[in-house]
Amino acid sequence: MNNCVTIVLGKEEITLKINEKAKEEEIVECLEEKIPELKRLYQDEKTPIFVTGKVLKEKEMKIVQEKIQKEIDVKIEFDSPKALGLHEIKRAFSEEIESSETKFYRGSLRSGKKIEYEGSIVVLGDVNSGAEVIAGENIVIVGILRGMAHAGAKGNRKAMISAVSIEAPQLRIADIIKETEKEEEQERKTYAHLEENKMIIE
(Lines give C-alpha, C1' and ligand atoms only; values in the text may rest on other atoms or scores of the structure.)
Protein backbone atom coordinates (compact mmCIF):
# COMPACT_ATOMS: atom_id res chain seq x y z
CA MET A 1 0.00 0.00 0.00
CA ASN A 2 1.59 3.27 -1.17
CA ASN A 3 1.72 6.24 1.20
CA CYS A 4 -0.04 4.50 4.09
CA VAL A 5 1.57 6.95 6.53
CA THR A 6 0.78 10.68 6.28
CA ILE A 7 2.57 13.47 8.17
CA VAL A 8 0.54 16.51 9.26
CA LEU A 9 2.42 19.41 10.85
CA GLY A 10 0.45 21.22 13.58
CA LYS A 11 1.26 24.07 15.98
CA GLU A 12 1.65 21.88 19.07
CA GLU A 13 2.31 18.41 17.64
CA ILE A 14 3.11 16.46 14.50
CA THR A 15 0.40 13.97 13.58
CA LEU A 16 1.33 10.67 11.95
CA LYS A 17 -1.81 9.22 10.36
CA ILE A 18 -1.71 5.52 9.50
CA ASN A 19 -4.16 4.09 6.96
CA GLU A 20 -6.71 1.87 8.73
CA LYS A 21 -6.21 -0.95 6.18
CA ALA A 22 -2.41 -0.91 6.26
CA LYS A 23 -0.65 -4.14 7.24
CA GLU A 24 2.30 -4.26 9.62
CA GLU A 25 4.93 -4.72 6.89
CA GLU A 26 3.41 -1.85 4.87
CA ILE A 27 3.51 0.45 7.89
CA VAL A 28 7.19 -0.38 8.49
CA GLU A 29 8.12 0.14 4.83
CA CYS A 30 6.26 3.45 4.56
CA LEU A 31 7.56 4.70 7.91
CA GLU A 32 11.16 4.07 6.85
CA GLU A 33 10.52 6.23 3.77
CA LYS A 34 8.98 9.01 5.90
CA ILE A 35 11.66 9.19 8.61
CA PRO A 36 14.00 11.50 6.59
CA GLU A 37 11.08 13.94 6.24
CA LEU A 38 10.40 13.69 9.98
CA LYS A 39 14.08 14.34 10.78
CA ARG A 40 14.01 17.55 8.73
CA LEU A 41 11.04 18.77 10.80
CA TYR A 42 13.04 18.15 13.99
CA GLN A 43 16.09 20.27 13.23
CA ASP A 44 15.09 23.06 15.62
CA GLU A 45 12.46 21.77 18.05
CA LYS A 46 11.14 18.68 19.81
CA THR A 47 7.46 18.80 18.91
CA PRO A 48 5.70 15.59 20.15
CA ILE A 49 4.36 13.07 17.66
CA PHE A 50 0.76 11.86 17.85
CA VAL A 51 0.05 8.59 16.00
CA THR A 52 -3.56 8.11 14.88
CA GLY A 53 -5.64 6.46 12.14
CA LYS A 54 -5.41 2.69 12.47
CA VAL A 55 -5.98 1.17 15.92
CA LEU A 56 -2.64 -0.56 16.41
CA LYS A 57 -1.78 -3.72 18.27
CA GLU A 58 0.80 -3.54 21.05
CA LYS A 59 3.47 -5.06 18.77
CA GLU A 60 2.76 -2.50 16.03
CA MET A 61 2.95 0.41 18.50
CA LYS A 62 6.31 -0.85 19.73
CA ILE A 63 7.64 -1.12 16.15
CA VAL A 64 6.51 2.43 15.26
CA GLN A 65 7.98 3.86 18.47
CA GLU A 66 11.33 2.08 18.05
CA LYS A 67 11.65 3.05 14.37
CA ILE A 68 11.12 6.74 15.09
CA GLN A 69 13.05 7.00 18.35
CA LYS A 70 16.04 5.23 16.81
CA GLU A 71 16.46 8.31 14.58
CA ILE A 72 14.79 11.10 16.59
CA ASP A 73 14.70 11.84 20.32
CA VAL A 74 11.00 12.67 20.60
CA LYS A 75 7.95 11.93 22.74
CA ILE A 76 5.38 9.72 20.96
CA GLU A 77 1.71 9.37 21.90
CA PHE A 78 -0.75 6.87 20.40
CA ASP A 79 -4.46 7.19 19.71
CA SER A 80 -4.64 3.39 20.06
CA PRO A 81 -5.46 1.90 23.49
CA LYS A 82 -2.39 0.37 25.10
CA ALA A 83 -4.43 -2.30 26.91
CA LEU A 84 -7.59 -4.32 26.35
CA GLY A 85 -10.85 -3.54 28.11
CA LEU A 86 -13.86 -1.27 28.16
CA HIS A 87 -12.16 1.57 30.06
CA GLU A 88 -9.27 1.62 27.54
CA ILE A 89 -11.41 2.05 24.40
CA LYS A 90 -10.83 5.53 22.98
CA ARG A 91 -12.99 5.16 19.88
CA ALA A 92 -15.05 2.44 18.25
CA PHE A 93 -14.30 1.22 14.72
CA SER A 94 -15.37 -1.49 12.29
CA GLU A 95 -12.78 -3.83 10.81
CA GLU A 96 -13.51 -7.23 9.25
CA ILE A 97 -11.71 -10.03 11.13
CA GLU A 98 -12.74 -13.29 9.44
CA SER A 99 -9.13 -14.41 9.94
CA SER A 100 -6.95 -13.32 12.84
CA GLU A 101 -4.17 -14.43 15.16
CA THR A 102 -5.76 -16.85 17.63
CA LYS A 103 -4.91 -18.05 21.13
CA PHE A 104 -6.24 -21.46 22.21
CA TYR A 105 -6.93 -22.21 25.86
CA ARG A 106 -7.33 -25.89 26.67
CA GLY A 107 -9.73 -26.68 29.52
CA SER A 108 -12.40 -24.79 31.41
CA LEU A 109 -11.90 -21.41 33.10
CA ARG A 110 -12.73 -21.45 36.80
CA SER A 111 -14.03 -18.49 38.81
CA GLY A 112 -11.30 -15.87 39.30
CA LYS A 113 -9.38 -16.91 36.17
CA LYS A 114 -8.81 -14.30 33.45
CA ILE A 115 -7.30 -14.62 29.98
CA GLU A 116 -6.54 -11.76 27.57
CA TYR A 117 -5.21 -11.66 24.01
CA GLU A 118 -5.02 -8.98 21.30
CA GLY A 119 -6.25 -11.39 18.63
CA SER A 120 -9.05 -13.97 18.91
CA ILE A 121 -9.47 -16.46 21.76
CA VAL A 122 -10.79 -20.02 21.56
CA VAL A 123 -11.56 -21.74 24.88
CA LEU A 124 -11.76 -25.53 24.63
CA GLY A 125 -14.10 -25.90 27.60
CA ASP A 126 -16.54 -23.90 29.72
CA VAL A 127 -16.10 -20.35 31.04
CA ASN A 128 -17.55 -20.48 34.54
CA SER A 129 -19.21 -17.68 36.48
CA GLY A 130 -16.57 -15.30 37.86
CA ALA A 131 -14.09 -16.03 35.03
CA GLU A 132 -13.18 -13.47 32.34
CA VAL A 133 -12.24 -13.71 28.67
CA ILE A 134 -11.07 -10.50 26.98
CA ALA A 135 -10.07 -10.46 23.30
CA GLY A 136 -9.12 -7.73 20.86
CA GLU A 137 -11.00 -9.69 18.20
CA ASN A 138 -13.38 -12.70 18.37
CA ILE A 139 -14.21 -15.07 21.25
CA VAL A 140 -15.24 -18.69 20.66
CA ILE A 141 -16.16 -20.94 23.59
CA VAL A 142 -16.34 -24.67 22.85
CA GLY A 143 -18.51 -25.10 25.91
CA ILE A 144 -20.88 -23.02 28.06
CA LEU A 145 -20.24 -19.32 28.63
CA ARG A 146 -21.32 -18.28 32.14
CA GLY A 147 -18.56 -15.78 32.89
CA MET A 148 -17.73 -12.35 31.43
CA ALA A 149 -16.72 -12.16 27.77
CA HIS A 150 -15.49 -8.99 26.06
CA ALA A 151 -14.76 -9.25 22.34
CA GLY A 152 -13.42 -6.37 20.25
CA ALA A 153 -11.79 -5.02 23.41
CA LYS A 154 -9.86 -2.32 21.53
CA GLY A 155 -13.08 -0.99 19.99
CA ASN A 156 -13.77 -3.23 16.96
CA ARG A 157 -17.54 -3.51 16.54
CA LYS A 158 -17.16 -6.28 13.93
CA ALA A 159 -16.01 -8.72 16.63
CA MET A 160 -18.33 -11.52 17.77
CA ILE A 161 -18.85 -13.98 20.62
CA SER A 162 -19.83 -17.61 20.04
CA ALA A 163 -20.41 -20.50 22.48
CA VAL A 164 -22.22 -23.83 22.68
CA SER A 165 -24.56 -21.99 25.07
CA ILE A 166 -24.42 -18.35 26.19
CA GLU A 167 -25.60 -18.10 29.80
CA ALA A 168 -23.56 -15.07 30.92
CA PRO A 169 -25.35 -12.27 32.80
CA GLN A 170 -23.45 -9.70 30.73
CA LEU A 171 -21.71 -9.57 27.33
CA ARG A 172 -19.44 -6.88 25.89
CA ILE A 173 -18.49 -6.21 22.28
CA ALA A 174 -16.29 -3.15 21.68
CA ASP A 175 -17.89 -0.33 23.72
CA ILE A 176 -21.37 -1.93 23.81
CA ILE A 177 -22.59 -3.75 26.94
CA LYS A 178 -25.67 -5.96 27.14
CA GLU A 179 -27.22 -7.35 30.30
CA THR A 180 -29.06 -10.64 29.78
CA GLU A 181 -32.81 -10.32 30.28
CA LYS A 182 -34.66 -12.96 32.37
CA GLU A 183 -36.72 -13.99 29.34
CA GLU A 184 -33.51 -14.56 27.35
CA GLU A 185 -32.09 -16.85 30.04
CA GLN A 186 -34.79 -19.40 29.24
CA GLU A 187 -33.74 -19.63 25.59
CA ARG A 188 -30.55 -21.21 24.32
CA LYS A 189 -28.32 -18.60 22.68
CA THR A 190 -25.07 -19.35 20.89
CA TYR A 191 -23.97 -16.22 19.01
CA ALA A 192 -23.61 -12.50 19.81
CA HIS A 193 -22.74 -9.69 17.40
CA LEU A 194 -23.53 -6.02 16.79
CA GLU A 195 -26.02 -4.56 14.34
CA GLU A 196 -26.25 -0.76 14.15
CA ASN A 197 -24.62 -0.35 17.58
CA LYS A 198 -27.06 -2.79 19.19
CA MET A 199 -26.04 -6.22 20.46
CA ILE A 200 -27.96 -9.16 19.02
CA ILE A 201 -27.81 -12.51 20.83
CA GLU A 202 -29.27 -15.45 18.92
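A residue is called buried when its relative accessible area is under 20%, and exposed when that area is over 50%. The model described here is a predicted one.

**Helix α2**

In helix α2, the residues Glu60, Met61, Ile63, Val64 and Ile68 are buried. They cover an arc of only 160° around the axis, which puts them on the same side of α2. The face turned away from this buried side carries the exposed residues Glu58, Lys59, Lys62 and Lys70. Among the elements that cover the buried residues of α2 are those in the table below.

| Covering element | Residues |
|---|---|
| β2 | 14-18 |
| α1 | 24-41 |
| β3 | 49-53 |
| β4 | 76-78 |

The length of α2 can also be checked: at 1.5 Å a residue, its 14 residues (58-71) should span 20 Å, and the end C-alpha atoms are 21 Å apart, which agrees.

**Val51 in strand β3**

Val51 lies in strand β3. With a relative accessible area of 3%, Val51 is buried, because buried means under 20%. Leaving aside residues up to four places away in sequence, Val51 touches several residues, including Leu16, Ile18, Val64 and Phe78.

**A five-stranded sheet**

Five strands form an open sheet with mixed pairing, in the order β6-β8-β10-β12-β13. The strands β6 (114-117) and β13 (176-179) stand at the edges, each with a single partner strand, so one side of each is left without a neighbour in the sheet. Within this sheet, strands β10 (residues 148-151) and β12 (residues 170-173) run parallel and are joined by three bridges, and Ala149 has Leu171 in β12 as its bridge partner.

Conventions: Residues numbered from 1 in each chain as written. Predicted model: local features only at pLDDT ≥ 70, side-chain atom pairs only at ≥ 80, totals over all residues. Heavy atoms only, no water. Helix = DSSP H or I, 4+ residues; strand = E, 2+ residues; numbered from the N terminus. Expected span 1.5 Å × (residues − 1). Buried < 20%, exposed > 50% of the residue type's maximum accessible area, 1.4 Å probe, protein only. Arc of directions from axis to C-beta. Contact = heavy atoms within 4.5 Å. Pairing = 2+ DSSP bridges.
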